[in-house]
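Visitor: I would like to go through this model and ask what stands behind each label. Please set the values against the cut-offs.

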Amino acid sequence: MSYRLEHLEELEAESIFVLREAFAQFENPCILFSGGKDSIVVTHLAVKAFYPAKIPFPLVHIDTGHNFDETIAFRDELVQKIGAQLVIGSVQEAIDNGLAQDEKGVHATRNTAQIPTLIDTIEKNQFDAAMGGARRDEEKARAKERFFSHRDDFGQWDPKNQRPELWNLFNGKKKFGEHFRVFPISNWTEMDIWEYIKKEKIALPSLYFSHEREVIRRGGTILANSPFITLKPNEKVTTEIVRFRTIGDLTITGAVESEASTLDHIIAEVAAARETERGNRADDQRSEAAMEERKKEGYF
Amino acid sequence: MKGELLRFTTAGSVDDGKSTLIGRLLYDSKSIFQDQLAAIENTSKKKGLDEIDFSLLTDGLKDEREQGITIDVAYRYFNTPNRKFIIADTPGHIQYTRNMVTGASTANAALILIDARNGVIEQTKRHSYIASLLQIPHVLVCINKMDLVNYEKGAFEKIKEQYKDFAAKLDIQDFKFIPISALKGDNVVNRSKNMEWYNGPTLLHSLENIPVANDLNHIDFRFAVQTVLRPHTDEYHDYRGYAGRISSGILRIGDQVTALPSQMQSRVKKIHCAHLELQEAYAPQSISIELEDDIDISRGDMVVKTTNQPQNSQEIDAMICWMGENPMQLNGKYSIQHTSRSGRAIIKEIVYVVDLNELKRIEGKTTMEKNGIARIKIKTTTPLFFDSYRTNRNTGSFILIDETNFNTVGAGMII
């Protein structure tokens, strides 16, 4: 018997530790559930962390109203299966109430409208910790995130005033009105996520696997055709074999041409891929510091 | 990919080429994606550079990009067929000792960069002292910019001797020297053709072969309880699972254990890792334990083997690195967090403050500024169950928290 853990086992042990720590240190934590593979893995880890008890906190979905149908169906099925509570924060409602603004024009997305909706949902439900599936390898600004990330009473992130995080000692102390974002899978890479999904046989929305779909090519991005997209004069709808590497809104999530229909195919594709998964997200391409700007305002 | 995880930290002075080295490691091990490469190529051109500036890959935040220096700990990931690596990239600038300590706290190895033209300088000493203080098991001393000293063996050997002289005063278990050029790629991932006189491994080869599991303490079983799992269902009516991550050692079914602070004893009935039942478990696994007897255990308690118990005291000697904006005060009161246990602590004595430039002790101080390191005595409101940091990083470390703004202000290592 060699007393050593293989890297996925060590990552799993670390994430379970973080989830239990969040549960123990906060009064009212929740999981931010987007329907994407990372939040699905966080939910899976939460099930393991508290087994045989049920997940002791709700899943929160910020619903932009621009979701893929597959995401919503998957979400509802998962919530039922694990017996978790679901809290929905509606972007449409926030827009109707004047809390958020809808963007206009061909490049309109509901990305920025998610921020006030999320902060409002956190405040209304008095969540003091929101756990998310962000990973440090995704994007430059995220490389500096802590496991326990402190937000002020405006829900903002101050990259220059983060608490140092030493050893495995997480400081979740806060003043009234402040909250934390907690990132249990900070140290996982895209490849780790896929290998873990395979190892644990975790179910995913069908969007991740190759399928036939009506799409629009815009710049370097392949977008799904949907009622929420406005075609530019020279654009046309075609049918292609694609899959998605990340799942966000219909209006911003770029598909990739792919024949990968099984986890093994996807893992092979990820291993060979020469683009980061966010490389296809129209929201990050707005400027080099786009993600950092949104994080400061309270993005996931 | 099967393989272990190696966490390492990097330290260097501002112009030692640390970011370039990391960029080179990522590039040569094919861990940079096309869009990332395109972005930095683009920026390099804008800045009027002939070659790709790899440091742009790791300098994450906008403010830093403008200032051109790294100002916080950033984590990077790459893997080879043999191992997964996590880099804690920390700045070398003087006022950021706190970041270096943070990065070092979880590292199995440290890379220390020395500019071949300058040799061992004060910052090298400071970085090495921190590596020693934080008990990083392996130190790789990279003598960089060998291209600027014509790849001469003499320059390398001279610095090596210089470093060895100084390191004799420190407590580093294992250190190795590698002559490299991060800019040109010599001995980082690929063996240098310019330094045939060097027969040792490349940097990446060294990183791939550091024995990670051997650094864990497999002797002293320590289990800090994070929370108690009580399902309240018919199926698991009387179930009480003590959940936590094993700090050190090995636990088997049937082991006689003692809970602290109650001193109540019982035997291990079952060990769970989610839905799996294990016969034995070891650090750093996250598990839950069922005991034969229904004894009162809650968060902050520690389960240990009855025959191998930690120290149990309210008076503790420690080294501390200060990170707070307000100086540490003699007789100052702070919150303390140690394993899953919290309480309050008072600084009873500042035995000495370390002069990081001269590596000398200064006695008689009553305060200590941010980025200072000192030996202190503290008294806690609740007993802590601990081992010396040297024998157990998990049960030998604690943090102090400011009671007014709740910031983490001190990183403590128990002596």
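Guide: The buried residues of α6(B) are B:Gln123, B:Thr124, B:Arg126, B:His127, B:Ser128, B:Tyr129, B:Ile130, B:Ala131, B:Ser132 and B:Leu133. Buried means under 20% relative accessible area, exposed over 50%, and partly exposed in between, with a 1.4 Å probe and protein chains only. This is a predicted model: local features need pLDDT of at least 70, side-chain atom pairs count only at pLDDT 80 or more, and totals for chains, interfaces and linings use all residues. Residues are numbered from 1 along each chain as its sequence is written, chains are lettered from A and ligands numbered from 1 in the order in which they are written, and side-chain values use heavy atoms, without hydrogens or water.

Visitor: Why is α6(B) called largely enclosed by the rest of the structure?

Guide: Because 10 of its 12 residues are buried. The helix label itself is a DSSP run (H or I, at least four residues; strands are E, at least two), numbered from the N terminus.

Visitor: How do you know that the length of helix α6 of chain B agrees with what it should span?

Guide: The expected span is 1.5 Å times one less than the number of residues. For residues 122–133 of chain B that should give 16 Å, and the end C-alpha atoms are 16 Å apart, so the two agree. After α6(B) comes B:Gln135, with a positive phi near 55°.

Visitor: What makes helix α5 of chain B count as largely enclosed?

Guide: 9 of the 9 residues in α5(B), residues 97–105, are buried, so the helix is largely enclosed. Among the buried residues are B:Arg98, B:Met100 and B:Gly103. The elements covering them include α6, β1 (4–11), β17 (311–322) and β25 (408–414) of chain B.

Visitor: Why is B:Ala155 called buried?

Guide: Its relative accessible area is 18%, so B:Ala155 counts as buried. B:Ala155 is in helix α7 (residues 153–167) of chain B. B:Pro179 is 24 residues away from B:Ala155 in sequence, with 9.6 Å between their C-alpha atoms.

Visitor: Is B:Leu359 buried, partly exposed or exposed?

Guide: Partly exposed, because its relative accessible area is 26%. B:Leu359 sits in the loop between β20 (341–355) and β21 (360–362) of chain B. Its phi is positive, near 50°, and B:Leu359 is not a glycine.

Visitor: What is the phi of A:Trp167?

Guide: Near 45°, again positive in a residue other than glycine. At a relative accessible area of 5%, A:Trp167 is buried. A:Trp167 belongs to the loop between β5 and β6 (179–182) of chain A.

Visitor: Why does A:Glu138 count as buried?

Guide: Because its relative accessibility is 11%. A:Glu138 is in the loop between β4 (129–131) and β5 (148–151) of chain A. A polar atom of its side chain is 2.7 Å from the backbone nitrogen of A:Arg135.

Visitor: Which residues have the most contacts inside the largest nonpolar core?

Guide: B:Phe8, B:Leu134, B:Tyr163, B:Leu203 and B:Leu207, in a core of 78 residues. A nonpolar core is a set of buried Ala, Val, Leu, Ile, Met, Phe, Trp, Tyr and Cys residues joined through side-chain atoms within 4.5 Å. A second, separate core has 66 residues, including A:Leu59, A:Ile202, A:Ala255 and A:Leu263.

Visitor: How is chain B divided into domains?

Guide: Into domain 1 (4–215), domain 2 (222–305) and domain 3 (311–414); the bounds come from an automatic or database domain assignment. The C-alpha centres of domains 1 and 3 of chain B are 29 Å apart. Their contact (heavy atoms within 4.5 Å) takes 22 residues from domain 1 of chain B and 15 residues from domain 3 of chain B.

Visitor: What area do domain 1 of chain B and domain 3 of chain B bury between them?

Guide: About 1,600 Å², 59% of it on carbon and sulfur atoms. Buried area is the accessible area (1.4 Å probe) that two parts lose on being put together, summed over both. On the domain 1 side of chain B, B:Arg98, B:Tyr129 and B:Leu133 lose the most, together 34% of what that side buries.

Visitor: What is the area buried between domain 1 of chain A and domain 2 of chain A?

Guide: About 3,300 Å², of which carbon and sulfur atoms give 57%. There, 39 residues of domain 1 of chain A are in contact with 35 residues of domain 2 of chain A.

Visitor: Which peptide bond at B:Pro261 is cis?

Guide: The bond joining B:Leu260 and B:Pro261, with omega about 10°. The bond from B:Ala283 to B:Pro284 is also cis, with omega near 0°.

Conventions:
A polar contact is a pair of N or O atoms within 3.5 Å; within protein, one must be able to donate a hydrogen and the other to accept it, and residues adjacent in sequence count only if both atoms are side-chain atoms.
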